[in-house]
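Biologist: I'd like to go through this structure with you, term by term. Could you start with what you mean by a contact?

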Amino acid sequence: MVAAAVTSYALTPGRVWSVVAALVGLAGVVAGGLALTRGRGAAVALAAGVAGAAGGAVVVAMAKGGPGTGYGIVGGWAALVIGVVAAALGGLALARSRGFVGGRR
């Protein structure tokens, strides 16, 4: 059985999951940036970063093909990287708020 070709703009389930994970990770990056400047929202950034990275990792692990096959592998890797960045920002903001790393105390 031959699989049908996927167009470049078709929203397959893998692509949808990777976009959702990337958006969650991006929200975590924004929350992490705000947490570093304002001191609030570090836990939100950390949680969103972990969720985005986990979503991206699931998409990457479940993909059966490479880029252009419709499994969302490129978006999954992007979500994984964005999620890790968001988690790092959230963790840094949380450490600063607790006085572990160059805080204001």
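Modeller: Gladly: contact means heavy atoms within 4.5 Å. This is a predicted model, where local features need pLDDT of at least 70, side-chain atom pairs count only at pLDDT 80 or more, and totals for chains, interfaces and linings use all residues. Residues are numbered from 1 along each chain as its sequence is written, and side-chain values use heavy atoms, with hydrogens and water left out.

Biologist: What share of the contacts with a separation of 6 or more comes from residues 24 or more positions apart?

Modeller: Such residues account for 64% of those contacts in the protein.

Biologist: How do you know which elements the protein has?

Modeller: Helices (H or I, at least four residues) and strands (E, at least two) are DSSP runs, numbered from the N terminus. The protein has 3 helices and 0 strands, so its order from the N terminus reads α-α-α.

Biologist: Why is R15 called buried?

Modeller: Buried means under 20% relative accessible area, exposed over 50%, and partly exposed in between (1.4 Å probe, protein chains only). R15 has 16% relative accessibility, so it counts as buried. R15 sits in helix α1 (residues 13–38). Beyond its neighbours within four places in sequence, its contacts include Y9, G68 and Y71. Of the 105 residues of the protein, 30% count as buried.
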